[in-house]
Each structure stands twice: as structure tokens, then as C-alpha cells.
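Here is a structure to be read through questions and answers. Each answer sets a computed value against the rule behind the word in use.

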Amino acid sequence: MRARDAKKLRFLSPVTQALAIYKEKIMKEEAFEVITSEETDEALVEVVQYSILRGSSDTRTAETLFFASQAGMRLKMVRITLKNSKIRVEPGALYYMKGDLEMKASTGGGILKGLARKVTSGESFFVNEIHGTGVIYLEPTYGHFFLHRLNDKSGVICDKGMFYAGTSSLDIGATMQKNVSSGLLGGEGWWQTSIKGTGIAVLFSPVPTQEVDMIILDNEKLSVDGNFALMRTAGIDFRAEKSSKSWVSTAVSGEGMLQTFSGSGVVWVAPTQGVYEKMASMEGLRELAMPPGSMGTMTDMNKPSKK
């Protein structure tokens, strides 16, 4: 504590002195740590996390917090510092905000675009925009966020539900699959979210960003067994294709239909997504304990005991 501040404390009551010292101690301990950030002339977008949650008066909650902390889970929020600009957030995403800020409802590009978004992607007709200068915090979650900077108008195509927030220059819409195979058999439905323009998009990721693999294609083909491809640049051709040339080989190979991505661009995949989904159930844990490629069958060696 500085000498000048210490001199001021002498004229305060003991209780006020204790509160002032406690406040200074708490202020020195940063509640958040920034794990990733992106900045433009309009806004600073950060993903912050609590270093530690200091518990609850309820012992059962404290037990849950302990195991969550031991597992490396951290409560996260998106913090956006606006600089006389605006940002678009999904309905219900706002947690709190401070500054000269105002929330407005918009159709996000006109009535027709709002209707198209409602019908095709299932999103709300209106979108929330926050205008002004100040700091915005979005709802906390133990989930994961992926910040993506867009610098061209070709944009990216991502899974529905991934878009969470974005700076004002971004154009968020829906795009239809370009072929029948991807719409019927691709596992993503007929419509996905399209993000174009220049700015920063905040995307909700099913896995930590460290586990998202960015695969660069140079007039090449990527085949994925499953639907853990999160996003791709708009120039990539997406299809559902047989794993083998003939239907017989496809049927007996155990792979079935594959998601394929062709051309030049980038595909973001989350290889661990399916692992986490299986860990949520006893049946899934049993599958993970089997030899890879067992096609879900059990040998005498790994059959569970009936006792």
C-alpha cells in the first residue's frame, strides 16, 4: 500500500480501514484471465474465464465445483468492448453491460431476410443489436468459444447454432446445400449458417479450441466418417459419398457414407467431439472401451459379465 493511502487510512474507523484493505487486496486479484482475443477498429472481443470459483455455502455444490476444477473445467464468458459501434448477439445471450449502450431489435437485413432466417435455420425473426460505447458481458458457460476473424466476402459456412455474436460488418444468413447428397445424407440438414463480410465472429464450439483441427486443402479432398466437421470456407464443395466405389463394399466396410470436402480452402474439424458425446452415457463408455474398429460388436473377451 502506498504511503499516501496509508496516511488516509489513519483517519478512518477500524471497520472502514479493514474494508478498504480487503477491497484493495481483492482488486489486486484478477477475477478473470483472458484466454483468447481479437480486435478491430470497432470492438475488442475477448473470451475470459474465472481463474477459480471460490465455492458455495452448499456442500453439494462445493463438491461439484471441486471435481469440475480438478477436471480442468473453467467458467467462461465473452467480453466485448465496443468503440462507438454495434454488435449483434443471439437472443438471450446478454448477461450485463456497462457504458453508453442501447439494445435494439432488428430484422438483421430486412423483413425478407428475417423470414428466410426464421424458416430455413430456425433462428428468431428479430436479432439483438447493442449500439454505443462500453463493455458487454455475455452469458457464462462451461462450454467453449471460438473466435474467427473474417477478412473477405466469400465467408464461411458453419453448423447451425454455432454463431453466438459478431461485429457490425458481418452478414449472417442461411445457405442451402448445393447438392442432394449433402442435404439428405450429409448429416447437417438442408441449411447451414453462412457468415460473410469483414469482422470477428464468436462461435460456440463443442470442444476446446485447442482440440479444433484446421485442415488446409489445396485442390484436395478430405473424407470424414461422422459429422464433426464444424466449419468450412465457402469455396469448399461439401458432399456425402460412399466410402467405397461399390455399394457392396460400402455396406461391408463398416464406414457407410462419408462427409467429403473438396477444393481449395480450410475445413475446421473437432475429432474429440464424438468422444465427449459417448462419455455422457454408460453405453458410450462401453463403446470407448472396445478395440477401435470393432463396429460395436463384442468378443467373448470383452463381453460384460452377467454376474
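This is a predicted model: local features need pLDDT of at least 70, side-chain atom pairs count only at pLDDT 80 or more; totals for chains, interfaces and linings use all residues.

Q: What makes strand β13 (residues 229-233) count as mostly covered?
A: Five of the five residues of β13 are buried, where buried means under 20% relative accessible area, exposed means over 50%, and partly exposed is in between, with a 1.4 Å probe and protein chains only. Residues are numbered from 1 along each chain as its sequence is written, and side-chain values use heavy atoms, with hydrogens and water left out.

Q: How do you know that β13 pairs with strand β7 (residues 156-158), and in which sense?
A: Two strands pair if DSSP finds at least two bridges between them, and β7 and β13 have three bridges in the antiparallel sense, so they meet the rule. At one of these places, isoleucine 157 has arginine 232 of β13 as its bridge partner.

Q: Which residue of strand β15 (residues 257-269) is the bridge partner of methionine 231?
A: The partner in β15 is tryptophan 268. β13 and β15 pair in the antiparallel sense over three bridges.

Q: Why is histidine 148 called buried?
A: Histidine 148, which is found in strand β6, has a relative accessible area of 12%, and because this value falls under the cut-off for the word, the residue is buried. Leaving out residues up to four places away in sequence, histidine 148 touches Val156, Gly199, Ile200, Ala201, Leu203, Met231 and Trp268, where contact means heavy atoms within 4.5 Å.

Q: Why does serine 194 count as buried?
A: Serine 194 has its place in strand β10 (residues 191-197), and its relative accessibility is 10%, so the residue counts as buried. Apart from neighbours within four places in sequence, serine 194 is in contact with Val156, Asp171, Ile172, Gly173, Ala174 and Thr175.

Q: Why is lysine 86 called partly exposed?
A: Lysine 86, in strand β3 (residues 76-89), has a relative accessible area of 29%, which lies between the two cut-offs, and therefore the residue is partly exposed. Not counting residues up to four places away in sequence, lysine 86 touches Glu129, Ile130, His131, Thr167 and Ser168. The C-alpha atoms of lysine 86 and glycine 166 are separated by 9.3 Å, although the two residues are 80 residues apart along the chain.

Q: What makes a space a cavity, and how many cavities of 30 Å³ or more does the search find?
A: On a 1 Å grid over the protein atoms alone, a cavity is a set of points where a 1.4 Å probe fits but cannot get out, whereas a pocket is an open set with protein on both sides within 12 Å along at least five of seven lines. The search of the whole structure finds four such cavities of 30 Å³ or more.

Q: Which element gives the most to the lining of the largest cavity?
A: Helix α3 (residues 59-70) gives the most, with three residues. Lining residues have an atom within 4 Å of a point, and those of the largest cavity include Tyr50, Leu65, Met73, Arg74 and Tyr142.

Q: Which residues lie nearest the centre of the second largest cavity?
A: Ile157, Gln177, Lys178, Arg232 and Phe238 lie nearest its centre, among eleven lining residues. The elements giving two or more residues to this lining are β9 (170-176) and β14 (237-242). About 70 Å³ of space lies in this second largest cavity.

Q: How many helices and strands does the protein have?
A: The protein has eight helices and 15 strands, and 36% of its 307 residues count as buried.

Definitions and conventions
Helices (H or I, at least four residues) and strands (E, at least two) are DSSP runs, numbered from the N terminus. Grid points are joined across faces, edges and corners, and a volume is the space filled by probe spheres set on the points.
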